[in-house]
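User: I am new to this structure and would be grateful for a close look at a single part of it.

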Amino acid sequence: INNGRVVLIDFHADWSGWSQFSGRHFSDLSETLKRIGVDLYRVNIDELDDVVMEADVRVVPTFMVFKDGKKVGYAEGVDAGNLHVSRSSLCIACGDLTIVY
């Protein structure tokens, strides 16, 4: 995440219905976000304990946005407000307030 690019990480769990729901939307957005230069990663919390602990993930799904290695936004769980926070963070991190997805 310290590569000078904007990075979006989706922390999820296979057993979580909300993670499965948000994962479909994550997949739908992936091409658009890649096109504008956002690196996307999905982290299964049951497979990468050390990453999950370092990121202080307590809820699944959790979305984190990083720019230049610094966390610039995050959202926990799935609801319209949290998705708005994630989108706003991406827009700010990308320097583009016209991102539509």
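Which residues does H12 touch, not counting residues up to four places away in sequence? Please also describe the charged side chains in the model.

Analyst: This is a predicted model, in which local features need pLDDT of at least 70 and side-chain atom pairs count only at pLDDT 80 or more, while totals for chains, interfaces and linings use all residues. Residues are numbered from 1 along each chain as its sequence is written, and side-chain values use heavy atoms, with hydrogens and water left out.

Leaving aside residues up to four places away in sequence, H12 touches S19, R42, V43, N44, I45 and V60; contact means heavy atoms within 4.5 Å. H12 is found in strand β1. Strands (E, at least two residues) and helices (H or I, at least four) are DSSP runs, numbered from the N terminus. With a relative accessible area of 8%, H12 is buried; the term stands for under 20%, exposed for over 50%, and partly exposed for values in between (1.4 Å probe, protein chains only).

R42, one of the residues that H12 touches, also takes part in a salt bridge with D10, at 2.8 Å from N to O. Because R42 lies in strand β2 and D10 in strand β1, the pair ties together parts that are 32 residues apart in sequence. R42 is partly exposed at 37% relative accessibility, whereas D10 is buried at 0%. A salt bridge here is a side-chain nitrogen of Lys or Arg within 4 Å of a carboxyl oxygen of Asp or Glu.

The whole structure holds three salt bridges. Another of them joins D39 and R5, whose closest N and O atoms are 2.9 Å apart. D39 belongs to strand β2 (residues 38-44) and R5 to the segment before β1, so this pair links parts that are 34 residues apart in sequence. D39 counts as buried at 15% relative accessibility, and R5 as partly exposed at 36%.

E76 and R58 also meet through their side chains in a salt bridge, at 3.8 Å from N to O. E76 is in strand β4 (residues 70-76) and R58 in the loop between α2 (49-55) and β3 (62-67), so the pair connects parts that are 18 residues apart in sequence. R58 is exposed at 62% relative accessibility, while E76 is partly exposed at 27%.
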